[in-house]
Amino acid sequence: MYLHQLKNWPDFTWDTDAILKRLGEVRYRQGRILGLMSAAGFKIQEYAVLETLTLDVTKSSEIEGENLNREQVRSSIARRLGIEIEGAVAAERDVEGVVEMMLDATQGYTNVLTADRLFGWHSALFPTGRSGMHKITVGAWRTGEAGPMQVVSGPIGREKIHYEAPESACLSEEMKVFIDWFNAPSTTDPVLKAAITHLWFVTIHPFDDGNGRMTRALTDMQLSRADGTSQRFYSMSAQILRDKSAYYDILEHTQKGGLDITTWLSWFLDCLLQAMNHSDETLAAVSSRNQFWEKHRETSLNSRQQYMISTLLDDFFGKLSSSKWAKMTKCSSDTALRDIKDLIAKGILSKDNSGSKNTTYTLIK
């Protein structure tokens with residue numbers, strides 16, 4: 001039997017003593033991160049939030065096998081939050097939809113959750129009414145027309161069913177119970193409530209598609225309540241992606257277990273601690289980026305140069321060459337070389353002495 005088929009669903013239980021130490025560590029790390037960020041200054045805080053939310057949006061989609069353009073995501077978030085950035089680009093509709101959902105969840109974390117609000121999130125994720133080539137029910141609970149909602153793997157005819165969600169006829173009542181619980185004051189620690197939120201919503205799987213991304217948005221919404229701020233400084237989605245197989249393993253194990261969810265809570269708290277540990281890397285990267293742009297605040301740069309510098313400051317892999325520059329900025333080789341030589345003259349790029357026949361360049365931070 002699956003979790004939602006058990007007699008006392010959704011009356012979860014857990015062993016408080018088994019998770020108390022982990023919960024204490026999470027709470028300590030929360031306080032430490034918020035303390036460090038408050039001392040870092042407004043500009044650093046602003047950019048740390050921008051980087052964290054960019055991570056959240058891109059990595060949550062990547063868990064589902066969808067790779068969003070990072071610069072589009074970052075530019076969309078910056079525009080919506082009123083943050084000025086260099087090299088901003090226009091974002092496509094699918095990017096705008098995911099960003100809109102995530103910002104509504106985290107920036108509006110104190111607002112009441114309603115079915116209509118969830119329908120709005122879902123419509124933002126699927127503005128065309130389709131998931132890929134397939135037409136789906138959008139902005140409403142899934143129906144039974146497509147058959148049961150199952151998570152499967154394996155070739156056709158030899159599929160392995162990992163999980164089957166509640167029947168569509170039950171969804172209105174299931175979601176009413178969930179939403180009432182989510183909005184109600186609770187004696188449960190808000191971090192544990194985030195873990196339960198994640199498990200409960202993904203168990204119901206109320207939509208035709210997008211359930212994973214909406215689950216993680218709701219988790220971030222509850223974590224914002226736990227932090228008491230809309231400012232996000234650690235990314236749960238990025239950490240889940242780092243250990244994606246363990247994430248799906250623990251979900252499958254929990255769905256086929258009993259209503260004692262101690263093991264799930266322990267995993268969630270461990271994952272959260274790892275996410276918080278990576279916040280130090282985010283702060284270091286943000287500080288480096290901020291120092292760079294402060295140093296070159298008066299330097300004249302064209303849009304291609306701004307875009308490439310932003311990319312080099314973030315997740316650029318390999319060596320920069322003029323051919324890469326031309327490909328990434330969609331310009332000619334001659335234009336790329338002129339851009340690069342101009343940045344060398346301005347002390348922003350340096351030519352590598354690698355001995356390779358292809359000249360490469362490094363950003364001077």
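R27 and D189 form a salt bridge in this predicted model, and their closest N and O atoms lie 3.5 Å apart. R27 belongs to helix α1 (residues 16–40), while D189 sits in the loop between α6 (171–183) and α7 (190–204), so the pair ties together parts that are 162 residues apart in sequence. The structure holds 19 salt bridges. Side chains of opposite charge can pair when their charged atoms come close.

**Salt bridges**

- Both partners of the R27 and D189 pair count as partly exposed: R27 has a relative accessibility of 28%, and D189 has one of 22%.
- E96 pairs with R80 in a salt bridge whose closest N and O atoms are 2.9 Å apart.
- This pair links distant parts of the chain, with E96 in helix α4 (residues 93–107) and R80 in helix α3 (residues 70–81), 16 residues apart.
- E96 counts as buried because its relative accessibility of 17% falls under the 20% cut-off.
- R80, by contrast, has a relative accessible area of 37% and is partly exposed.
- R232 forms a salt bridge with D227, and the closest N and O atoms of this pair are 2.8 Å apart.
- Each member of the R232 and D227 pair is buried: the relative accessible area is 0% for R232 and 12% for D227.
- Salt bridges also link E51, R70, E71 and R74 in a network.

**Contact of α7 with α8**

- The axes of α7 and helix α8 (residues 211–227) come within 8 Å and cross at roughly 165°.
- The two helices are therefore roughly antiparallel, since angles over 145 degrees are placed in that class.
- The crossing of α7 and α8 is right-handed.
- On the α7 side, the contact is made by P190, V191, K193, A194, T197, H198, F201 and V202.
- On the α8 side, the contributing residues are N211, M214, T215, R216, L218, T219, Q222, L223 and A226.
- By type, the residues of this contact divide into nine nonpolar, six polar and two charged.

**Contact of α6 with α8**

- Helix α8 also meets α6: the axes of α6 and α8 come within 12 Å and cross at roughly 20°.
- Because angles under 35 degrees count as roughly parallel, α6 and α8 are described as roughly parallel to each other.
- F178, F182 and N183 of α6 make this contact with L218, M221, Q222 and R225 of α8.
- The residues of the α6 and α8 contact divide into four nonpolar, two polar and one charged.
- L218 and Q222 of α8 are listed in the contact with α7 and also in the contact with α6.

- S61 is located in helix α2 (residues 42–63).
- With a relative accessibility of 1%, S61 counts as buried.
- Leaving aside residues up to four places away in sequence, S61 touches E66, L68, V98 and R213.

**Backbone features**

- Most residues other than glycine have a negative phi, and most peptide bonds are trans.
- A cis peptide bond joins W9 and P10, with omega at about 0°.
- P10 is placed in the segment before α1.
- H205, although not a glycine, has a positive phi of about 50°.
- H205 lies in the loop between α7 and α8, and this residue is buried, with a relative accessible area of 13%.
- K330 is another residue other than glycine with a positive phi, here near 55°.
- K330 is found in the loop between α14 (322–329) and α15 (333–345).
- At 75% relative accessibility, K330 counts as exposed, whereas H205 counts as buried.

Notes
Residues are numbered from 1 along each chain as its sequence is written. This is a predicted model: local features need pLDDT of at least 70, side-chain atom pairs count only at pLDDT 80 or more; totals for chains, interfaces and linings use all residues. Side-chain values use heavy atoms; hydrogens and water are left out. A salt bridge is a side-chain nitrogen of Lys or Arg within 4 Å of a carboxyl oxygen of Asp or Glu. Helices (H or I, at least four residues) and strands (E, at least two) are DSSP runs, numbered from the N terminus. Buried means under 20% relative accessible area, exposed over 50%, partly exposed in between (1.4 Å probe, protein chains only). Axes are lines fitted to C-alpha atoms, for helices over the stretch in contact, and angles run from 0 to 180 degrees between N-to-C directions. Angles under 35 degrees count as roughly parallel, over 145 as roughly antiparallel, 65 to 115 as roughly perpendicular and the rest as oblique. A crossing is left-handed if the near helix is turned anticlockwise from the far one by less than a right angle, and right-handed if clockwise. Contact means heavy atoms within 4.5 Å. Ala, Val, Leu, Ile, Met, Phe, Trp, Tyr, Cys and Pro count as nonpolar, Asp, Glu, Lys and Arg as charged, and the others, Gly among them, as polar.
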